[in-house]
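Thanks for coming. I will take a few minutes to walk through one protein model, starting with its sheet and ending with a few single residues.

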Amino acid sequence: MNSALQGRKKESWKIFDEIAGTYDLLNRILSCGIDVYWRRKLLKNLPQRNNLIALDLATGTGDVALVLAKSPKIEKITGLDLSRGMVELGKVKVKKAKKENKIALHIGDGCNIPAADSTVDVVTISFGIRNFPDPQKSLREIFRVLKPNGRVMIMEFGLPKNKIVHAVYMFYFRHLLPFVGNLLSKHRDAYTYLNETVEDFAYGDDFTAWMKEAGFNNARFEELTFGIANLYIGDKE
């Protein structure tokens, strides 16, 4: 793992504070709206029971929490993120959607989850765990707070296996995305950092191996859009 990147991850919340105002807009532009489709995959994989208590780590501006709130299976969602700028924008979105009775967003660390053991039915993270300074500790923490029969769902970027798709995507990912992202966010290297963290992070079978080490059963993943992203799912028996 790149040691310089590892150092920046300890304070990555500062980067997200600085780009919070343009984060949602750039997500839609740079993903061509595919990120919205990817997040809806979470709803299809919720545990098959009602009155679910959900915890969304690295919740950012609350996009995942707002998607989860659409499910009648979900009773309550707590979103945690270390970026105050992102959380404050998320609270505005939650209020606008009139979901204050179902969603609560707070400042919180995904590597040191402020929740008691076995108190949560489902934990989600969408494109956030690669920014954690210790993702394996986070997986152990998630396992700790999940109830028996609880489920973790983690969405994270990967790299396409198809050679042609890989070549086209890497040109976009290494050159066009950082240029447009840094320009529109008016940040010197936020989107260069985001690109580098993806290429430096475990994905596919390597990540599911981490999930198994943390204790999850039936750890698996589904490739999304040629493997540009993966949805990882694991259960606590």
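Before the strands, one term: two strands count as a pair if DSSP finds at least two bridges between them. Please also keep in mind that this is a predicted model.

With that term in hand, take strand E5, residues 146–157, and strand E7, residues 229–236. Eight bridges join E5 to E7, and the two run antiparallel. One of the residue pairs here is Arg151 with Asp235, the latter in E7.

E5 also pairs with E4, this time in parallel, through six bridges. Within that pairing, Val123 stands opposite Val152 of E5, and Ile125 has Ile154 of E5 as its bridge partner. How do we get from E4 to E5, and with which hand? The unit is β-α-β, made of E4, helix H6 at residues 135–145, and E5, and it is right-handed.

Now the whole sheet. It is open and has seven strands, and reading across it the order is E3-E2-E1-E4-E5-E7-E6, with mixed pairing. Which strands are at the edges? They are E3 and E6, the latter at residues 217–224, and each of them pairs on one side only. From one strand to the next, the twist averages 15 degrees. Helix H5, residues 84–96, packs on this sheet, where it touches E3 and strand E2, residues 74–81. The direction of H5 makes about 165 degrees with that of E3.

Next, helix against helix. Two packed helices are described by the angle between their axes and the distance between the axes. For H5 and helix H2, residues 12–30, the axes come within 7 Å and cross at roughly 30 degrees. On the H2 side the contact residues are Phe16, Asp17, Ala20, Gly21, Tyr23 and Asp24, and on the H5 side they are Arg84, Gly85, Met86, Leu89 and Lys93. Sorted by class, that contact has five nonpolar, four charged and two polar residues.

Is Tyr193 buried or exposed? Buried means under 20% relative accessible area, and Tyr193 has 1%, so it counts as buried. Leaving aside residues up to four places away in sequence, Tyr193 touches Leu5, Arg8, Lys9, Ser12, Ile15 and Asn131. Tyr193 and Asn131 are 62 residues apart along the chain, and their C-alpha atoms are separated by 9.9 Å.

Last, two backbone angles. Most residues other than glycine have a negative phi. Ser118 is not a glycine, yet its phi is positive, at about 50 degrees. Where is Ser118? It lies in the loop between E3, residues 103–107, and E4, residues 120–126. Its relative accessibility is 35%, so Ser118 counts as partly exposed.

The other case is Lys186, also not a glycine, with a positive phi near 60 degrees. Lys186 is in the loop between helix H7, residues 163–185, and H8, residues 190–200. Exposed means over 50% relative accessible area, and Lys186 has 78%, which means it is exposed.

That is the tour.

Key:
Residues are numbered from 1 along each chain as its sequence is written. This is a predicted model: local features need pLDDT of at least 70, side-chain atom pairs count only at pLDDT 80 or more; totals for chains, interfaces and linings use all residues. Side-chain values use heavy atoms; hydrogens and water are left out. Helices (H or I, at least four residues) and strands (E, at least two) are DSSP runs, numbered from the N terminus. Buried means under 20% relative accessible area, exposed over 50%, partly exposed in between (1.4 Å probe, protein chains only). A crossover is right-handed if, with the strands pointing away from the viewer, the path from the first strand over the helix to the second runs clockwise. Axes are lines fitted to C-alpha atoms, for helices over the stretch in contact, and angles run from 0 to 180 degrees between N-to-C directions. Contact means heavy atoms within 4.5 Å. Ala, Val, Leu, Ile, Met, Phe, Trp, Tyr, Cys and Pro count as nonpolar, Asp, Glu, Lys and Arg as charged, and the others, Gly among them, as polar.
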